[in-house]
Amino acid sequence: MIIKNEHALILFIIFVIAVFVRIYPINYSPEEYKYGLGPFGDSVMYHQIAYNIYSGNGFVSSDNGDPEIFRGPSYPLFLAGIYKIFGDKEAMQSLDTWYINWDRVRIVQAILDALICILVFLIVRTVYTRKTWPALLAALIYCFSWYNIYYTRTILTESLSAFLLTLFILFTVLALKRSKFYWWILVGLFLGMLILNRPEYLLFIPLLIAYIFFYFSHYL
């Protein structure tokens with residue numbers, strides 16, 4: 001796949017715009033619910049599990065250390081990683097300052113979601129190789145996807161799920177186009193991470209198997 005310099009520049013501009021429209025609301029309209037955590041009950045659960053992982057208490061959702069787990073591991077591990085790498089330890093000492101760490105999660109999610117513009121471009125460019133403008137248009141449409149823009153501000157699985165799902169689709173397309181074994185390893189890797197984030201994506205497995213079977217049936 002060859003991308004001309006002018007197309008790469010346009011794609012970079014789309015990525016920068018996508019980052020801006022996702023990060024700007026964090027400062028313009030800060031979250032005020034629950035000391036900055038947000039209005040969703042699941043956010044509390046994900047934070048509790050992530051903070052226990054961060055604190056070395058294991059993968060639990062209760063303060064007393066009992067093994068109560070009601071969510072998949074991918075997103076809590078994602079949160080715990082951000083707390084560890086980018087978290088402000090002093091801000092963690094008080095509920096009044098915890099919003100600093102949750103805003104850093106939101107910034108990481110904003111950048112991660114903006115990267116999907118590039119992944120969408122690569123998917124369309126891989127499927128349709130004749131012209132570049134359809135891939136750029138697809139990236140631009142995702143850039144202004146208000147559903148995804150909104151969920152980058154929430155401490156919920158949606159942003160990570162969207163990123164893992166897009167990677168899964170990209171590597172599936174590459175695996176089908178190039179028929180290389182190592183692409184299928186990446187397909188399985190990201191599908192597994194996606195399922196561990198949101199288990200409803202288990203439904204992709206029979207669909208993927210059926211599609212692969214019909215795709216390669218002419219070789220049988």
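Tutor: Let's start with a term: patches are made of residues with over 30% relative accessible area and no salt bridge, where like charges are joined within 9 Å and nonpolar side chains (Val, Leu, Ile, Met, Phe, Trp, Tyr) within 5 Å. A salt bridge is a side-chain nitrogen of Lys or Arg within 4 Å of a carboxyl oxygen of Asp or Glu. Accessible areas come from the Shrake-Rupley method with a 1.4 Å probe, and for residues only the protein chains shown count as cover. Keep in mind that this is a predicted model, where local features need pLDDT of at least 70 and side-chain atom pairs count only at pLDDT 80 or more, while totals for chains, interfaces and linings use all residues. Residues are numbered from 1 along each chain as its sequence is written, and side-chain values use heavy atoms, leaving out hydrogens and water.

Student: How many helices and strands does the protein chain have?

Tutor: Helices (H or I, at least four residues) and strands (E, at least two) are DSSP runs, numbered from the N terminus. Reading from that end, the elements go α-α-α-α-α-α-α-α-α. The count is nine helices and zero strands.

Student: Which element gives the largest share of the nonpolar patch?

Tutor: The patch lies on the surface, has about 950 Å² of accessible area together, and includes Leu9, Phe12 and Trp133. Two elements give two or more residues to it, α1 (5-28) and α5 (133-143). The largest share, five residues, comes from α1.

Student: Is Trp133 buried or exposed?

Tutor: Trp133 sits in helix α5. Buried means under 20% relative accessible area, exposed over 50%, and partly exposed in between (1.4 Å probe, protein chains only). Trp133 has 55%, so it's exposed.

Student: And Ala175, buried or exposed?

Tutor: Ala175 lies in helix α7 (residues 158-178). Leaving aside residues up to four places away in sequence, Ala175 touches Lys180, Trp183, Trp184 and Val187, a contact being heavy atoms within 4.5 Å. Its relative accessible area is 0%, so Ala175 is buried.

Student: Why is the pair of Tyr150 and Tyr151 edge-to-face?

Tutor: Rings of Phe, Tyr and Trp (its six-membered ring) pair if their centres lie within 6.5 Å; planes under 30 degrees apart count as stacked, over 60 as edge-to-face and the rest as tilted. A search of the whole structure finds 13 aromatic pairs. In the pair of Tyr150 and Tyr151, the ring centres are 5.1 Å apart, and the pair is edge-to-face because the planes are at 85 degrees.
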